[in-house]
Amino acid sequence: MGFELETAANPQGLRRVAIDPVSRVEGHGKVTLLLDENNQVQQARLHIVEFRGFEKFIEGRPYWEVPVMVQRLCGICPVSHHLAASKAFDRVLGATPITASAEAVRRLMHYGQMLQSHALHFFHLSSPDLLFGFSSDVAQRNIVGVATAHPEVAKKGILLRKFGQEIIRITSGKRVHGTGAVPGGINKLLTGQERDSLKQDLPQMLQWAQDSVDIAKQLHAQSDAVYRNFGSFRSNLMSLVRADGAMDLYDGVLRVRDANGHILFDGVDDQSYLDLIEEEVRAWSYMKFPHLRSLGREQGWYRVGPLARVQNCDFIPSPLAEIERKEFVAWGQGELVHASLAYHWARMIEMLHAVEVIAALLDDPALLSGDLLSKDWVRQRRGVGIIEAPRGTLIHDYDVGEDDLVKHCNLIVSTTHNNQAMNEAVRSVAKEYLSGQEITEGLLNHVEVAIRAYDPCLSCATHALGQMPLDVTLLAADGTVLDRVQKSREFGLTRQINTPIGLEE
Amino acid sequence: MSTKPAILVLGWGNLSRGDDALGPMFVAGLQERLPRELQTEVEFLDDYQLQIEHAIDLVGRSHILFVDASLDCAAPLEARAVRARRDASYTSHALSAEALLQVYEDMQGDHAPDATLLALRGQEFGLGEPLSQVAHSHLQAGLEWGIQWISKFAATGRQ
């Protein structure tokens, strides 16, 4: 698990391929591939070029504002930030355990978020790659292309996501940036009418979620070798699990497995995450590189997210998803599954689990009556909240002064945990598919497909019109622009040769 | 028979990202300023990003006004008709207005409603920053434009 191809031995004299930014992932990312004169990849890196400054955004604010404001960090998983912050401030207030009603409503909100996010990723962001192939026509390879060629698939994706969004609206009070969870509990229960409106759609959602797992399985069966080998590399896996080893996406203890599937760490209390993890800064990326403290940077990096969670748990506590988990594990033929594309299959198993959990929660009377807040609080200085967000483990860590202002905070988002893994995926694919060949859009998309498997949220960048072109440039060793390919909403794919660029070397 | 208002105003952006807030602030401002007699003819919606499920919000409308901050448009604003189009929507997890209209057409098997994209010029998009002074003036211009736009189509609807 070293760092082959992270840094070229002799970067001078290599030409550079830049993919900037990576399309269909959140925010700005840039891939640089340094090629030698024989088109062999000598260096491959996924750069994160925007510094977000999340912590500075939060520090100095009253703690009770934070669960609402952190939702503005991310347009894709605001609920995960909302709940992770709320869990952390439960600890600061000494308000744990929260009430049964608070836990039921928060869990419902969280699994609704998991459903809508996984549906968006599979049907909107990845199914174009999966259904059309990685080198297919770029105009076809997006959600619109899917809707045209597979209208039933696209419609299921939209309606699954809509159902998840409706759960979020009902539990948080608003469609966007609601306030359902508060430090110490929640601020509203569900009405019977709200619960019944959700229950009405459940049978259809359950069927579509099952269909989605079947689609993912079919894709693996149809192209078994590709799905086993594309962007595959060995790594440790980390996630929360319930104390009894079950999958739990809302709460639990940290567990790490090594690449062979052996449990390295288990039962790690969320408040002690810093005993397990440390973060490393590398000069060429704004995003940190977390790793297991005791194993060090070269052996201690790990993957999080669906691939890790489905294999890290001992079982999934819902019947349909558990059947699918067993089939997934069997596909590994006695080994852990390390293929990046298997994230998609694991993601759909989790989506099915989310619908099953939602169904069970909607039968829980605690959603409709009970205390909103716990009692007998004993105030603490520090609190950590960890949740399994759609993309993986999300950590919020706050230090709150006696004046109720946040003095310090540390956020480790899922994509940061997967930083090293995404770099490994880029290297793996670049080495296999790009070396010794001319660069084409289809080939470059292989790199992007590998990154997209992790559903990264590279930054919570603004999405003002016209901001995010894709720029691919080939530079000769002497800096001459050999080729330049740009993608944009307005003009699609355009190629310019011998144009100045202004990319950093 | 649908009881939805015929006009939808849909703005998007991040309230904590400086001038990226122009879209949702336009929606809030227009809702506040619009004359009472026009309020019932319009539904207002704001979101963080344009997403696939917004295609469902377009159903049953005659006119759509999309509103977003822009770094490319002329100051203070530009408005143009948008039509369903297969574009790359390389903005990651978010769709363009054109692609959203295309999703609508593919889903519904019908032409998308008439749609206009109002781009409000912004300049500062830093996390935690308030709306800039210049964007504030662009917002005011946009609101005046928006009231006229709605008056025109609401009147058309009543004829």
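Analyst: Read along the sequence, chain B follows the pattern β-α-α-β-α-β-β-α-β-α. Helices (DSSP runs of H or I, at least four residues) and strands (runs of E, at least two) are numbered from the N terminus. This is a predicted model, in which local features need pLDDT of at least 70, side-chain atom pairs count only at pLDDT 80 or more, and totals for chains, interfaces and linings use all residues. Residues are numbered from 1 along each chain as its sequence is written, chains are lettered from A and ligands numbered from 1 in the order written, and side-chain values use heavy atoms, without hydrogens and water.

User: How compact is chain B for a globular protein of that length?
Analyst: Chain B is as compact as a globular protein of its length, because its radius of gyration is 15 Å, close to the 15 Å from the globule rule for 159 residues. The radius is taken over C-alpha atoms, and the rule is 2.2 Å times the number of residues to the power 0.38.

User: What share of chain B counts as buried?
Analyst: 59% of its 159 residues. Buried means under 20% relative accessible area (1.4 Å probe, protein chains only).

User: Which strands of chain B are joined to strand 5, and do they run parallel or antiparallel?
Analyst: Strand 3 (residues 63-70) runs parallel to strand 5 of chain B, with eight bridges. Strand 4 (residues 77-82) runs antiparallel to strand 5, with six bridges. Strands pair if DSSP finds at least two bridges between them. Within strand 5, Thr116(B) is the bridge partner of Leu65(B), and Leu117(B) that of Arg80(B).

User: Why is strand 5 of chain B called largely enclosed?
Analyst: Six of the eight residues in strand 5 (residues 114-121) of chain B are buried, so the rest of the structure largely encloses that strand.

User: Switching to cores. Which residues touch the most other members of the largest one?
Analyst: In that nonpolar core of 92 residues, they are Leu108(A), Leu115(A), Leu160(A), Phe163(A), Phe328(A), Ile358(A) and Tyr454(A). Helix 13 (residues 342-361) of chain A gives the largest share, 13 residues. A nonpolar core is a set of buried Ala, Val, Leu, Ile, Met, Phe, Trp, Tyr and Cys residues joined through side-chain atoms within 4.5 Å.

User: Is Val413(A) buried or exposed?
Analyst: Val413(A) counts as buried because its relative accessibility is 9%. Val413(A) sits in the loop between strand 14 (406-412) and helix 14 (414-417) of chain A.

Terms used
Buried means under 20% relative accessible area, exposed over 50%, partly exposed in between (1.4 Å probe, protein chains only).
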